[in-house]
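Subject: The two-chain model, and what turned up in it

Hi,

Here is the structure I promised to pass on.

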2 protein chains.
Amino acid sequence: MLPSSIKKLLTSETAGSDNRVSVSGWVKSIRCQKSVSFAMISDGSTSNSLQAGFQLSLHLNTSCVVSSLTNGACVRLEGKLVDSPGVGQDKELRVEELQVLGACPPETYPIQKKELSLEYLRNNVHFRARTERIAAMLRLRDKLMQGIHSYFKSQEFVYIHTPILTANDTEGAGETFRIAPTKETYSDALSEFFSLPAHLTVSSQLHLEAFQTAMSRVYTLNPTFRAERSHTNRHLAEFWMLEAEWGLSAPANDGGDLQELCDVVEDLVRHTIAHAMADATCTSDIQLLNGPATSRVDALRSVSDALARWPRMTYTEAVGVLQARHAQRSFAIPPQLGASLASEHERYLAEEVIQGPVFITEYPQVVKAWYMRSIDPSREMPLVACFDLLVPHMGELAGGSVREDRYNVLKANMERYGLVSGQRNSTEETGASPGGPYDWYLSLRKHGSAPHGGFGIGFERFVGWVGGIEHVKECIPVPRTAGRIDL
Amino acid sequence: MLPSSIKKLLTSETAGSDNRVSVSGWVKSIRCQKSVSFAMISDGSTSNSLQAGFQLSLHLNTSCVVSSLTNGACVRLEGKLVDSPGVGQDKELRVEELQVLGACPPETYPIQKKELSLEYLRNNVHFRARTERIAAMLRLRDKLMQGIHSYFKSQEFVYIHTPILTANDTEGAGETFRIAPTKETYSDALSEFFSLPAHLTVSSQLHLEAFQTAMSRVYTLNPTFRAERSHTNRHLAEFWMLEAEWGLSAPANDGGDLQELCDVVEDLVRHTIAHAMADATCTSDIQLLNGPATSRVDALRSVSDALARWPRMTYTEAVGVLQARHAQRSFAIPPQLGASLASEHERYLAEEVIQGPVFITEYPQVVKAWYMRSIDPSREMPLVACFDLLVPHMGELAGGSVREDRYNVLKANMERYGLVSGQRNSTEETGASPGGPYDWYLSLRKHGSAPHGGFGIGFERFVGWVGGIEHVKECIPVPRTAGRIDL
């Protein structure tokens, strides 16, 4: 059993005169008075620092204390945890022994107490968790991950570590990263380590579907990669994606059972936020990230505790609303039936029309992916049984669909996208070892397939939305974007 | 709220005459009698199938039931869950409605009821979770992951998603995978997407150390990659690694505080096993994986519940024991002071000398990594403050060390390994943006570093050890090894 963290000490019931404790942490600030000095000590367990008081008359002399307690130094303190007579904290540590574990020369330490720009901190990414904001984000990230696991466990999903390296390369062609052929290093070996070109995964969905067809309910939180060169505040080259697939409870009608999909996503998000809001460290962190004057915590509580289901509207209704407001709002891109919703449209719907999370359902097939279940393909504008979840200040948080589980319809879709050839010979028909890179996927539909659906949530976007953090680069421990790679 | 799984139905208290339920799953077998047929249905939630009885006199006719209930078909059943009059199960489902969600033609379905070889199943990896053994492994994997999170949460560790893509390339040089330069696809762009060559991580340790120096206690369970061509039953090209780093509670003496390191690893492994053993589904799965005649579950309980700490011996003692037994045991590789322990030595120590888990500590510096804390370098054979945890039938399960936190010693080590140049100019000294790929790591030691240590556990090995699974290819959903890449 490791010793209690500062978080535990500050919330313990046991403060008293004989309560001797030992604590390690980093000096955040120091304040010297005539006979006593105070240092604020942080160990990363909470945004609240421990106030440590040094009685300079004892074995601690002024010059020693002041010279060693520089910003960023790591110290171990022993002493008594007592009720604090000062304002601003309930407890403080009366230091009896001080040991400097690691000094921190102010002249070279990058984390100064002044305001530091985001870009400066990205350039010092190995130290930026020493800042309050990044530390708060890391704790929030961990907490949200725990909440996600807790939800999926309650619904009996099995976590599947789907592969990172894959032979698939088509989704978002040209935007995948490829493993270099190994001939440079192994002149005598095959030029491809895996015999086929290997790519970094862009989505675990297809793999999850294979496991869904045996385990019923599966999910993953996996690293995902896109060789995107766009520099927006919502894109990273390496990010974490939460994805789930499960068998739908009610038989899909022609529209697919989109309501169950939306219910699960909504329940997951509400559960995860409620899980985070129940923890005082987490609400302090969110307060810290948003500033003392904001009501982000209240806003989140109202999202997770709302009595009614979040609103749901179809794509067609949404475009109608946007078009009706266009004259007044004047979007940069005019909303148009049959086209994707632009980012400005998504935010407008969530921020101004609904003023909260909203599901937009049943998009046109032409703007969505080939594996989504089609609805009434005889319409002029064929639709698919899918949804996007839009939230204020972010736009798209989650997207998902009922999957096309009808063999012939899926096969025709895949042929249209060039994923399988029209002339099948043997491999996929027999269900044996796959020939083409997607034959195995089609083969799933021939052998005990069932109506199922799933969704994906970009985890950094979720962290950013809950934490009120503007840029996804500040929602991940070490960001990866085009043009640079640190650490 | 999604409907109850078969696991929940089988363990529910509510079986009775009016207990109507709906359940979906895959047919595992069917047995026909004159007026009633029985099918065993599995949904992946437990190794126990639900027995479904079809009264053929009702609206279900024989030919319909028998022809549709083929092995692997996906069905939805409605009916009453009742106490079973038969032997072998407590409850069964009296089916009133049958819906075939997905047929499964026996002539092409790869998962036949006969014994299937491991290699055959690897060739059908998209369907192998339909077998009882792989499904049991997937549930065990999930359960162990939950146990790991539960332990680290109890000890206040923060989960950190360390990066998968990294500029580091030296550890195990030549065995890393490299991202292909993008010039093939982007003729007008820089040849390197990230401006520097990017590699897939071989270990999260160094990155975790950066976060340790702000959050005190950190861990990760991350995909890890080695371009290894060796075909053993313990190696994969893509695997998951559990790694942790934390500040040591007691100041490191010259030997480093190895005991605390071993304590945490032992507590983690015991806690995780106890967590799994407390779940009846999990113990059934382990029983299934090991066969009914084995006592694997009892063996695991005795490992997790042992009153005394697991034995610990130094490398020097271990070599002494091995040498004393060599005459009688005749190892292929004679044990020798100053050399690595061979796999046969490791297994012999755990299986025959100790007959259980054992920590071997303080190896010679020459056989271990450059970042480990050295002990008394003036000895003839300098040692490092490290350990390996050896377990029966597996050998090395975990390895870790106190990290070298003394700036000058670490710098000299890194120079010796060519990781930093001897002539430093500016970047690392100032703690600013790193120049060489490891400057940032050295810089950590100058700014509030503290004695700390950590360890790594190959997650597939852990799954294999607990589950009694021989090959790591059967411990991961989709294995990746040299020469092939499926799905």
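This is a predicted model: local features need pLDDT of at least 70, side-chain atom pairs count only at pLDDT 80 or more; totals for chains, interfaces and linings use all residues.

**The barrel in chain B**

Start with chain B, where 5 strands make a closed barrel in the order E1-E2-E3-E5-E4, with mixed pairing. From one strand to the next, the twist averages 55°.

On one side E1(B) pairs with strand E2 (residues 36-42) of chain B, in the antiparallel sense and over 6 bridges. The two form a hairpin, with 3 residues between E1(B) and E2(B). To find that pairing, look for Cys32(B), whose bridge partner in E2(B) is Ser37(B).

E1(B) also pairs with strand E4 (residues 74-83) of chain B, again in the antiparallel sense, this time over 7 bridges.

Gln51(B) has Glu92(B) as its bridge partner in E5(B).

**Where the chains meet**

How much area is buried between chain B and chain A? It comes to about 9,900 Å², and carbon and sulfur atoms give 62% of that. Leu2(B), His161(B) and Phe193(B) supply 8% of the area that chain B buries against chain A, more than any other three residues.

Counting residues, 120 of chain B are in contact with 120 of chain A. As for polar contacts, 46 residue pairs across the interface of chain B and chain A meet the rule, with both residues at pLDDT 80 or more. Helix H4 of chain B (residues 132-154) gives the most to the side of chain B that touches chain A, namely 10 residues. Sorted by class, that side of chain B has 63 nonpolar, 36 polar and 21 charged residues.

Salt bridges between chain B and chain A number 2. In one salt bridge, the side chains of Lys8(A) and Glu156(B) meet at 3.9 Å, N to O.

**Salt bridges overall**

Over all chains, the search of the whole structure finds 53 salt bridges. As a reminder, side chains of opposite charge can pair when their charged atoms come close. One pair to click on is Glu119(A) with Arg122(A), a salt bridge whose closest N and O atoms are 2.9 Å apart. Glu119(A) and Arg122(A) are separated by about one helical turn, because they sit 3 residues apart in helix H3 (residues 118-122) of chain A.

**The open sheet in chain A**

Over in chain A, 8 strands form an open sheet with mixed pairing, in the order E6-E9-E10-E17-E16-E15-E12-E11. Its edge strands are E6 (158-159) and E11 (312-314) of chain A, each pairing on one side only. Further in, strand E10 (residues 238-247) and strand E17 (residues 452-458) of chain A run antiparallel and are joined by 7 bridges. Ala244(A) stands opposite Phe455(A) in E17(A).

Two helices of chain A to look for lie across strands of this sheet. Helix H10 (residues 343-353) of chain A lies across E11, E12, E15 and E16 of chain A, running at about 60° to E15(A). Helix H14 (residues 459-467) of chain A lies across E9, E10, E15, E16 and E17 of chain A, and runs at about 60° to E17(A).

Over to you now.

Cheers

Key. Residues are numbered from 1 along each chain as its sequence is written. Chains are lettered from A and ligands numbered from 1 in the order in which they are written. Side-chain values use heavy atoms; hydrogens and water are left out. Two strands pair if DSSP finds at least two bridges between them. Helices (H or I, at least four residues) and strands (E, at least two) are DSSP runs, numbered from the N terminus. Axes are lines fitted to C-alpha atoms, for helices over the stretch in contact, and angles run from 0 to 180 degrees between N-to-C directions. Contact means heavy atoms within 4.5 Å. Buried area is the accessible area (1.4 Å probe) that two parts lose on being put together, summed over both. A salt bridge is a side-chain nitrogen of Lys or Arg within 4 Å of a carboxyl oxygen of Asp or Glu. A polar contact is a pair of N or O atoms within 3.5 Å; within protein, one must be able to donate a hydrogen and the other to accept it, and residues adjacent in sequence count only if both atoms are side-chain atoms. Ala, Val, Leu, Ile, Met, Phe, Trp, Tyr, Cys and Pro count as nonpolar, Asp, Glu, Lys and Arg as charged, and the others, Gly among them, as polar.
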